Amino acid sequence: VSLGKYVWNWNMEPGRVNYLEITGAELPHDIKWDVTKTDGSENIKTLVGRTGKKVEFKPVKSDAGRVFEITVTLKDGYSQTFAVACKYVRREFRELTDEDRDAYFSAMRTIYTVKTLEGRETYGKDYTGSDVFITMHLGAMTLEDCTPWHDSEVFVTAHSAFNLMMEKALQSVHDTVALHYWDYTIDDYQYDTQWATKSPIFDND
């Protein structure tokens, strides 16, 4: 996934079961997987398996942004090390599984129904409710009846910051959730002016 631009070529997601597997071996081999920090200072997890068989590894939310080194060692002592990033993945809504979609909307419902102070007692310091987002976004009108986030170059960076705050809030409620999105250009291309009635985005389920 890195196209040679990063030190890692693979990604795993926090809060989810990720599967590690070696395929293509002519004969089955016992395998040891060592997941360590990139500087080798700490062994996070050791897993044992065989070629052609998946082993499970589940990073936690605090691993997000970390790059692991995963060393695969065969019984004969041969080993190879790979750099694997641990990052949340934002997906277009149509790419979500039913489980992912339910988790997203459940967390979003919490954001809109549980105010910030109450939510932080339950979910921690990264929780922010809609009461704060609405106040931040609309609470400082300019003379032109526009918020300061919309009428200058700050638009891009401010809304990126809002997105990050919202994503952290969602993850404080459910640690597998990312800030997924709707790519409306798909519907514009496929359904033209009838997108509002024909797009599956607006189906009841």
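Q: Which residues does tyrosine 104 touch, not counting residues up to four places away in sequence?
A: Leaving out residues up to four places away in sequence, tyrosine 104 touches Phe93, Leu170, Val177, Ala178, Leu179 and His180. Please keep in mind that this is a predicted model.

Q: Where does tyrosine 104 sit, then? And is tyrosine 104 buried or exposed?
A: Tyrosine 104 has its place in helix H1, and with a relative accessible area of 5% it is buried, because anything under 20% counts as buried.

Q: How far is tyrosine 104 from valine 173?
A: Along the chain tyrosine 104 and valine 173 are 69 residues apart, and their C-alpha atoms are separated by 9.6 Å.

Q: Which elements give two or more residues to the largest nonpolar core?
A: That core has 15 residues, and those with the most contacts inside it are Tyr104, Met108, Ile111, Met166, Leu170, Val177 and Leu179. The elements that give two or more residues to this core are H1 and H4, and H1 gives the most, with five residues.

Q: What is valine 177 in contact with, leaving aside its neighbours within four places in sequence?
A: With those neighbours left aside, valine 177 is in contact with Tyr88, Ala103, Tyr104, Leu170 and Gln171. Another core, of 14 residues, lies apart from the largest one, and among its residues are Met12, Ile31, Val55 and Ile70.

Q: Back to the helices: how do the axes of H1 and H4 cross?
A: The axes of H1 and H4 come within 9 Å and cross at roughly 105 degrees, and the two helices are therefore roughly perpendicular to each other. The contact is made by Tyr104, Ala107, Met108, Thr110 and Ile111 of H1 together with Met166, Ala169, Leu170 and Val173 of H4.

Q: Which residues of H4 are buried, and what do they pack against?
A: The buried residues of H4 are Ala158, His159, Phe162, Met166, Glu167, Ala169, Leu170, Gln171 and Ser172. They pack against helix H1 (98-113), helix H2 (116-123) and helix H3 (130-138).

Q: At what angle do H3 and H4 pack?
A: H3 and H4 pack at an angle of about 175 degrees, and their axes are 12 Å apart. These two helices are therefore roughly antiparallel to each other. On the H3 side the contact is made by Phe133, Met136 and His137, and on the H4 side by His159, Phe162, Met165 and Met166.

Q: What should helix H4 span at 1.5 Å a residue?
A: Helix H4 has 20 residues (residues 154-173), so it should span 28 Å, and with its end C-alpha atoms 29 Å apart the model agrees with that expectation.

Q: Okay, new topic. In what order do the five strands of the open sheet come?
A: The order in this open sheet is E1-E7-E6-E3-E4, and the pairing is mixed. Strand E1 (10-12) and E4 stand at the edges with a single partner strand each, so one side of each is left without a neighbour in the sheet. Neighbouring strands of the sheet are turned by 30 degrees against each other on average, direction ignored.

Q: How many bridges join E3 to strand E4 and to strand E6?
A: Seven bridges join strand E3 (residues 30-37) to strand E4 (residues 43-50), and these two run antiparallel. E3 is also joined to strand E6 (residues 67-74) by seven bridges, again with the strands running antiparallel. To pick out particular pairs, tryptophan 33 has leucine 47 as its bridge partner in E4, while lysine 37 stands opposite phenylalanine 68 in E6.

Q: And which residue is the bridge partner of isoleucine 70 in E7?
A: In E7 the partner of isoleucine 70 is phenylalanine 82. E6 and strand E7 (residues 79-86) run antiparallel and are joined by seven bridges.

Q: One last thing: what is the phi of aspartate 192?
A: Phi of aspartate 192 is near 50 degrees, which is a positive value in a residue other than glycine. Most residues other than glycine have a negative phi. Aspartate 192 lies in the loop between helix H5 (184-191) and helix H6 (195-198), and at 48% relative accessibility it counts as partly exposed.

Q: How many helices and strands does the protein chain have?
A: The protein chain has six helices and seven strands, and from the N terminus on its elements run β-β-β-β-β-β-β-α-α-α-α-α-α.

Methods
Residues are numbered from 1 along each chain as its sequence is written. This is a predicted model: local features need pLDDT of at least 70, side-chain atom pairs count only at pLDDT 80 or more; totals for chains, interfaces and linings use all residues. Side-chain values use heavy atoms; hydrogens and water are left out. Helices (H or I, at least four residues) and strands (E, at least two) are DSSP runs, numbered from the N terminus. The expected span of a helix is 1.5 Å times one less than its number of residues. Buried means under 20% relative accessible area, exposed over 50%, partly exposed in between (1.4 Å probe, protein chains only). Contact means heavy atoms within 4.5 Å. Two strands pair if DSSP finds at least two bridges between them. A nonpolar core is a set of buried Ala, Val, Leu, Ile, Met, Phe, Trp, Tyr and Cys residues joined through side-chain atoms within 4.5 Å. Axes are lines fitted to C-alpha atoms, for helices over the stretch in contact, and angles run from 0 to 180 degrees between N-to-C directions. Angles under 35 degrees count as roughly parallel, over 145 as roughly antiparallel, 65 to 115 as roughly perpendicular and the rest as oblique.
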